[in-house]
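Please read them with the structure open beside the text.

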Amino acid sequence: MDGMTRVTRETSKARTRERVLAEAQRLFRERGYAATSLEQIADAADVTKGAIYGHFSSKEDLLLSAIEATPTRDYGAVLNDTSRPLRERLAEFGSAVAVDEATTDKAGMAVELEFVAALLRSPAALRRYSADLERRLAELAADDDEQPRPGTSAVEVWAIGHALSIGLQMYQFIAPEIVTPEVFGRAFELLAGLYPEP
């Protein structure tokens, strides 16, 4: 019986944590990161503020936990198809990224920019976020079937691609008539220069 109670309590705690994470993500998107309070998240998740602190040390911790729980996307299908030239694959990938739901999500970009600004003011949170990003980039690099030119690591190529993607995404909202899917494609195509010629 005691084992049953523990499983139920653990399951209940896990459900509460997931509900808090889901409501926090929803409210961050709707209202913005800075404008969303822990009290608002507690109300939306139907828990006490103390219950949130039972799972998360702060609002930053809550958003970092949500980011860390998001699985790394699999880009291998297009990029690792070695039957086609790398430049062509990168261009296709860039054009696809431009119209991807995550890229065209203006509210998501706003939260991301707001959160990065908050991270830059919090060294501990920035270190945690950096470690998670470095882990994800290393996973992507490990799955890369091609090796870049000597002097450049696969992790560096993925970091450049990640930064390029974020910059293009941001400017796609600002100047959509200039930063089109074709421009995304041409920008990603430039990454082929970091790899040896076939």
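1. A residue is called buried when its relative accessible area is under 20%, exposed when that area is over 50%, and partly exposed in between, using a 1.4 Å probe and protein chains only. By that scale Arg 84 is partly exposed, with a relative accessible area of 21%, and Asp 81, at 26%, is also partly exposed.

2. The model is a predicted one, in which local features need pLDDT of at least 70 and side-chain atom pairs count only at pLDDT 80 or more, while totals for chains, interfaces and linings use all residues. Residues are numbered from 1 along each chain as its sequence is written, and side-chain values use heavy atoms, with hydrogens and water left out.

3. A nonpolar core here is a set of buried Ala, Val, Leu, Ile, Met, Phe, Trp, Tyr and Cys residues joined through side-chain atoms within 4.5 Å. The largest such core has 23 residues, of which Val 20, Phe 28, Ile 41, Ile 52, Leu 62 and Phe 115 touch the most other members. At least two residues of this core come from each of helix H1 (2–31), helix H2 (38–45), helix H4 (59–69), helix H7 (106–119) and helix H8 (123–142), where helices are DSSP runs (H or I, at least four residues) numbered from the N terminus. H1 gives the most to this core, with 5 residues. Apart from it lies another core, of 20 residues, among them Ala 154, Trp 158, Ala 187 and Leu 191.

4. Which residues does Leu 62 touch, not counting those up to four places away in sequence? With contact taken as heavy atoms within 4.5 Å, they are Val 20, Leu 21, Ala 24, Phe 28, Leu 38, Ile 52 and Phe 56.

5. A pocket is found on a 1 Å grid over the protein atoms alone, as an open set of points where a 1.4 Å probe fits, with protein on both sides within 12 Å along at least five of seven lines; its lining residues have an atom within 4 Å of a point. The largest pocket has a volume of about 1,400 Å³, a volume being the space filled by probe spheres set on the points, which are joined across faces, edges and corners. Its lining has 43 residues, and Arg 73, Tyr 75, Ala 102, Glu 112 and His 162 lie nearest the centre. Helix H9 gives the most to this lining, with 7 residues.

6. The second largest pocket has a volume of about 170 Å³, and its lining includes Pro 85, Arg 87, Glu 146, Tyr 195 and Pro 198.

7. A salt bridge is a side-chain nitrogen of Lys or Arg within 4 Å of a carboxyl oxygen of Asp or Glu, and by this rule the count comes to 13. Asp 132 forms one with Arg 135, the closest N and O atoms being 2.7 Å apart; the two are 3 residues apart in helix H8, so about one helical turn separates them. Asp 132 is buried, with a relative accessible area of 9%, whereas Arg 135 is partly exposed at 36%. Arg 135 also meets Glu 139 in a salt bridge (2.7 Å, N to O), and these two lie 4 residues apart in H8, about one turn of the helix.

8. Glu 139 is partly exposed, at 35% relative accessibility. Salt bridges that share partners join Asp 81, Arg 84, Glu 88 and Glu 92 into one network.
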